[in-house]
Amino acid sequence: MVTTFRTRQGGQTTHQAVCRAARRRAIGVGGTRGDGPFRFAATGAGIALLAMMGAIGAFLVSTAIPALRADTANFLTELTWRPNAAEPAFGIGALAFGTVLSSFIALVIATPVAVGVALFISHYAPRRLASALGYLVDLLAAVPSVVYGLWGIAFLVPFMLGPSEFLNRYLGWIPLFGGDQVVGRSMLTASLVLAIMILPIIAAISREVFLQVPKAQEEAALALGATRWEMIRMSVLPFGRPGVISAAMLGLGRAMGETIAVALIFPATFTISLRVLGPSGNSIAANIANGFGEATEIGRGALVASGLVLFLITLLVNTAARFVVARRKEYARAAA
């Protein structure tokens, strides 16, 4: 009995020693020479990123405070934008509304199309065609935004007059398509350009997520007699839901921060209206691009203050995306 106890005790000691050695190697203690420098480099990169974010926020706040003190109106609710006047009066209400509305419309338009493209590439198209389409989608994401803006102002604005009149005539009872005036440079046209710009991002990320679905789940669904669509609905879409949501949030952040494309198309008005076919609409990024060149010191501070609001909105969107992904970790564990 004594010998058996000593053997077991020795086995436990050996097992504990192995675990301690594994932990030491995992944290870079007693491991290879590159473990320590890599750990410090990765930690330093993370700290540097947080420091850069803090520095950007501090710069925006310090630059915006003098303009906000000089503002004679409520910055959060005022609809006018006159920071260069003798008595500055400006607010972010109309700009924030236009930014959120145009980005949301673009997201609603782009997400179903992007998910459909991703499903076709990952589960329907032949291998050669899927590879070519994948490269094409990735190429669309690399097109400069000014090219989209020029295409929108030269082609899409005149083209949208006909569809806009059709929507206003037959669906005018819906508040979005109502109104007495229909123009080409409208909120709907700008949203379509934004939708085309964010579609490659959502499609590329969704495609990679759908390709990570465990083959055992797909084969089990097919073996039970499910059709291809039923297999996708029961196995692929539930698995890829967190990735699709994250891709949509990234696309939403891109749409909110887009500058040149929407600056060329938006009618640059400071009104709040749900009628997306009329001559109304603006965004924070477009207003910064259009007004920075002729702005006074207070005007530049006002534009920086609006940029701070956009920075906070984008940060909230990205935080929400991370929260959604964190709640669906079981899918990531299943893929591993």
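## First look

Of the 336 residues in the protein, 39% are buried, meaning under 20% relative accessible area with a 1.4 Å probe and protein chains only. This is a predicted model, in which local features need pLDDT of at least 70 and side-chain atom pairs count only at pLDDT 80 or more, while totals for chains, interfaces and linings use all residues. Residues are numbered from 1 along each chain as its sequence is written, and side-chain values use heavy atoms, leaving out hydrogens and water.

## Overall build

You will find 13 helices and 2 strands here; these are DSSP runs (H or I, at least four residues, for helices; E, at least two, for strands), numbered from the N terminus. Among contacts (heavy atoms within 4.5 Å) with a separation of 6 or more, 72% join residues 24 or more positions apart.

## Helix α3

Helix α3 covers residues 93–124, and its 32 residues should span 46 Å at 1.5 Å a residue, a figure found as 1.5 Å times one less than the number of residues. The end C-alpha atoms lie 45 Å apart, which agrees.

## Surface

The accessible surface (Shrake-Rupley method, 1.4 Å probe) comes to about 19,000 Å². Carbon and sulfur atoms account for 67% of that surface.

Notes:
Buried means under 20% relative accessible area, exposed over 50%, partly exposed in between (1.4 Å probe, protein chains only).
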